[in-house]
Amino acid sequence: MLIVGLTGGIGSGKTSLAEALARRGAVVLDVDGLGRQVIGHGGSAVEAVVERFGEEVRHPEGGIDRNALAGIVFHDEQALSDLTAISHPRINRLLDEAVAAIADDSIVIYDMAVLAESELGWSNRYPYEIVITVEAPPEVRFERLRRRGMSPEDARSRMESQASDEERQAVANYIVSNQGDLAELDHVAGEVWSELQRLHDQKRRPLG
Ligand code: ATP
């Protein structure tokens, strides 16, 4: 098995690259989705989050009200780090359970916005072994997000709350530029896939 951490800022196209790799045979795990799961209905972080942030973050239909929680942690570093301390170990546990069920000869991709900022997908039993970061210029990302219905103000504040390109580059083994169209990204995905297969096979090469 080879485990890859795939990250990128909002609108960079990391999920599009993950999808292109999945079409070639990668097993993609949506780590951001697991993050929503642990605070969703019946999620393992719900009670600890309510204990820390109060009943007002509990959603009337179960789980956590993500907007209420975001309103608290967005501009409060201590609150965000408390939330991270509660949620990340639980997300890591779900990740480990998912990986344990995957065939041993797989190439596994952790699709995750939050990589450079934390130990998510890294301090767990099955940590990522290499990191790919996807990049595109801010104006291209704004335009993609606008097409997805996000206002420029919203896009900008989310970008500012994420790690910078430089911080992601500092932990990346590979940097993928996604400035062109989706056909170009698919072509790059073919090259990335060949490289990942090479690394995967190299790990299995018998010595002596
Ligand atoms: P998020 O963190 O918001 O999930 P992301 O980095 O995973 O962002 P994607 O969801 O892959 O980004 O892409 C954002 C939007 O831009 C999507 O609507 C996607 O279809 C589109 N997109 C991605 N790459 C390209 C491209 N090369 N050309 C045109 N559209 C693209």
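This is a predicted model: local features need pLDDT of at least 70, side-chain atom pairs count only at pLDDT 80 or more; totals for chains, interfaces and linings use all residues.
I began with the strand order, and I found 5 strands forming an open sheet in the order S2-S3-S1-S4-S5, with parallel pairing. I then asked which strands stand at the edges. They are S2 (27-30) and S5, and each has a single partner strand, so one side of each is left without a neighbour in the sheet. For the twist I noted an average of 25° from one strand to the next.

Going through the pairs, I looked up S1 (residues 2-8) against S3 (residues 107-111), which run parallel and are joined by 5 bridges; as an example I wrote down Leu 2, whose bridge partner in S3 is Ile 107. S1 also pairs with S4 in the parallel sense, over 5 bridges, and here I noted that Thr 7 has Thr 133 of S4 as its bridge partner. Between S4 and S5 (residues 174-177) I found 4 bridges, again with the strands running parallel, and the bridge partner of Val 134 in S5 is Val 176.

Is S4 (residues 130-135) mostly covered or mostly uncovered? I recorded 6 of its 6 residues as buried, so that the strand is mostly covered. I then sorted the residues by the way they point: Ile 130, Ile 132 and Val 134 go one way, while Val 131, Thr 133 and Glu 135 go the other way, and all are buried. I noted in particular that Glu 135 is among the buried residues.

H2 (residues 31-38) lies across S2 and S3 and runs at about 40° to S2, whereas H5 (residues 77-100) lies across S1, S2 and S3 and runs at about 160° to S2.

From H2 I listed Val 31, Leu 34, Gly 35, Gln 37 and Val 38, which meet Ser 87, Arg 90, Ile 91, Leu 94 and Leu 95 in H5. Sorted by class, this contact has 6 nonpolar, 3 polar and 1 charged residues.

I turned to H1 (residues 14-23) and H9 (residues 182-204), whose axes come within 9 Å and cross at roughly 60°. That angle makes H1 oblique to H9, and I recorded the crossing as right-handed. On the H1 side the contact is made by Ser 16, Leu 17, Ala 20, Leu 21 and Arg 23, and on the H9 side by Leu 182, Leu 185, Asp 186, Ala 189, Val 192, Trp 193 and Leu 196. By class I have 9 nonpolar, 1 polar and 2 charged residues in this contact.

I followed up Ala 20, which lies in H1. At 1% relative accessibility, Ala 20 counts as buried, because the cut-off is under 20%. Leaving out residues up to four places away in sequence, I found that Ala 20 touches Asp 186 and Ala 189. How far apart are the C-alpha atoms of Ala 20 and Val 188? I noted 9.3 Å for this pair, although the two residues are 168 residues apart along the chain.

The residues in contact are Pro 138, Arg 141, Phe 142 and Leu 145 of H6 with Pro 152, Ala 155, Arg 156 and Met 159 of H7. I divided them into 6 nonpolar, no polar and 2 charged.

Between H6 and H7 there is a loop, and Ser 151 lies in it. I put Ser 151 down as partly exposed, because its relative accessibility is 31%. I also looked up its distance to Ala 45, a residue 106 places away along the chain, and the C-alpha atoms of Ser 151 and Ala 45 are separated by 30 Å.

Conventions. Residues are numbered from 1 along each chain as its sequence is written. Side-chain values use heavy atoms; hydrogens and water are left out. Axes are lines fitted to C-alpha atoms, for helices over the stretch in contact, and angles run from 0 to 180 degrees between N-to-C directions. Helices (H or I, at least four residues) and strands (E, at least two) are DSSP runs, numbered from the N terminus. Angles under 35 degrees count as roughly parallel, over 145 as roughly antiparallel, 65 to 115 as roughly perpendicular and the rest as oblique. A crossing is left-handed if the near helix is turned anticlockwise from the far one by less than a right angle, and right-handed if clockwise. Contact means heavy atoms within 4.5 Å. Ala, Val, Leu, Ile, Met, Phe, Trp, Tyr, Cys and Pro count as nonpolar, Asp, Glu, Lys and Arg as charged, and the others, Gly among them, as polar. Buried means under 20% relative accessible area, exposed over 50%, partly exposed in between (1.4 Å probe, protein chains only). Two strands pair if DSSP finds at least two bridges between them.
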